[in-house]
Amino acid sequence: MALDFSLTEEQKQLQQLARRFAREQVAPAAAENDEKARVPWELVEQLYEIGLLNISVPEEAGGLGLGLVEEVIIGEELGWADMGFYTIPMASELGITPILLAGDEEQKKRFLGPLTERPSLAAFALSEPGNGSDAAALRTRAVRDGDHYVITGTKMWISNGKEADFNVVFATLNPELRHKGVIAIVIENDRDGISFNKIQGKMGQRAAPTYEIVYDEVRVPVKNRLGDEQAGFKIAMLTLDKTRIPVAAGSVGVARRALDEAAKYSLEREAFGRPIADFQAIQFKLANMKIGLETARIYTLYAAWLADRGDPAHISASAVAKAYASEIAFEAANEAIQVLGGYGYVNDFPVEKLLRDVKLNQIYEGTNEIQRIIIARDILKALR
């Protein structure tokens, strides 16, 4: 099988567009948006205007129908500028993916079509206050009442929760059934009985809005359900198998920014009469950052390529990409702080923010410990 990861002309144009937007619009506002924990909705609007928002919406629903390789290209650029901001469009793609995977044509047009008509977002509501990595341990209940479900429960750590048009919510018909009792259902945010509590005091990614969502006997029509009544957990897992790849892409962007900032500073800062870039200790740090960056980038592209081809190997590959890239990026940010010394520890320079932001990439969309379980199971399955 021939592998060719060279970008097409269209992909190069997409990369240039994303890079220009990231450098000219996103990066200059990143520090202020972080400091004020401000959701930069004007950047979301601009992202929509240049055609880089919700790019996976299929053509039949009015979108571009682009794949994960294109998401990765855009994700690296936005992650370079501000991982917090990038989480907003990334989380919207997370909310779109279950509908792409399990929605019928009517549902795709009804829910995804409006996302192409104006700056708007989707969201994905799986996590709860008590279930963490045990995604099957849901307590949000779905009770069938004629042609409706009545949804009651609390979702936690939901990116875009209130800003989105809808959340794809995972609820259980019977907690004792665990994964066999889970449904996936689209709940529009304008329905009665929904309340939102914004989570404050986050370590990083403060520009990305994160919510606790409470559903208090919210009536939702059965026609909003994705798949059948036993399909919800599978839909959630299939979604995450794809959407952890963009997390890796954002991490690659953070690693690249860390290297850029460290290399630039090393040429400007002098010690003992010469730039610190001349010292082998600094050169080794930069070289290690470059090794991590390039290997994370190519493997993330490989995982996206597999997913776009429908190759089941993308499941393990996405876990490898997400875990590896997020850890490489954290190490790169940490080394950048070390290169900058005391200046790296204060927010006059962006490297301390890189570390705070990318830490979350090791946690959300499946912790890196969970990724290692996925990888190990894939290894052992081949031997049994």
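Predicted model: local features only at pLDDT ≥ 70, side-chain atom pairs only at ≥ 80, totals over all residues.
Student: How do you know that the length of helix H7 agrees with its number of residues?

Tutor: Helix H7 has 30 residues, 280–309, and at 1.5 Å a residue these should span 44 Å. The end C-alpha atoms are 43 Å apart, so the two values agree. Just after H7, Gly-310 takes a positive phi of about 75°.

Student: What makes H3 roughly antiparallel to H7?

Tutor: Helix H3, residues 68–81, packs with H7 at an angle of about 150°, and their axes are 8 Å apart. Angles over 145 degrees count as roughly antiparallel, so that name applies to H3 and H7. On the H3 side the contact is made by Leu-68, Val-69, Glu-70, Val-72 and Glu-76. On the H7 side the residues include Arg-297, Leu-301, Trp-305 and Asp-308. By class, this contact has 7 nonpolar, 1 polar and 4 charged residues.

Student: Why is H3 also called roughly antiparallel to H4?

Tutor: H3 and H4 pack at an angle of about 150°, with their axes 7 Å apart. The cut-off for roughly antiparallel is over 145 degrees, so H3 and H4 meet it. Glu-71, Gly-75, Leu-78, Gly-79 and Ala-81 of H3 meet Met-83, Phe-85, Tyr-86, Pro-89 and Glu-93 of H4. Here the classes are 6 nonpolar, 2 polar and 2 charged residues.

Student: Which residues have the most contacts inside the largest nonpolar core?

Tutor: Leu-78 and Phe-85 are among them, along with Ile-151, Ile-185, Ile-187, Tyr-215 and Met-289. That core has 86 residues. A second, separate core has 23 residues, including Ala-61, Leu-94, Val-182 and Ile-235.

Student: What is Phe-85 in contact with, leaving aside its neighbours within four places in sequence?

Tutor: Phe-85 is in contact with Phe-21, Val-26, Pro-40, Leu-43, Val-44, Leu-47, Leu-78 and Ala-207.

Student: Why is Val-320 called partly exposed?

Tutor: Val-320, which lies in helix H8, has 25% relative accessibility. Under 20% would be buried and over 50% exposed, so Val-320 counts as partly exposed. Beyond residues up to four places away in sequence, Val-320 touches Tyr-299, Ala-325 and Ile-375. The C-alpha atoms of Val-320 and Asp-34 are separated by 29 Å, and these residues are 286 residues apart along the chain.

Student: How do you know which class Gly-366 belongs to, and where is Gly-366?

Tutor: Gly-366 is in the loop between H9 and helix H10 (368–381). At 22% relative accessibility, Gly-366 is not under the 20% cut-off for buried, so Gly-366 counts as partly exposed. Apart from residues up to four places away in sequence, Gly-366 touches Lys-322 and Gln-371.

Conventions:
Residues numbered from 1 in each chain as written. Heavy atoms only, no water. Helix = DSSP H or I, 4+ residues; strand = E, 2+ residues; numbered from the N terminus. Expected span 1.5 Å × (residues − 1). Axes fitted to C-alpha atoms, helices over the stretch in contact; angles between N-to-C directions. Parallel < 35°, antiparallel > 145°, perpendicular 65-115°, else oblique. Contact = heavy atoms within 4.5 Å. Nonpolar A, V, L, I, M, F, W, Y, C, P; charged D, E, K, R; others polar. Core = buried A, V, L, I, M, F, W, Y, C linked by side-chain atoms within 4.5 Å. Buried < 20%, exposed > 50% of the residue type's maximum accessible area, 1.4 Å probe, protein only.
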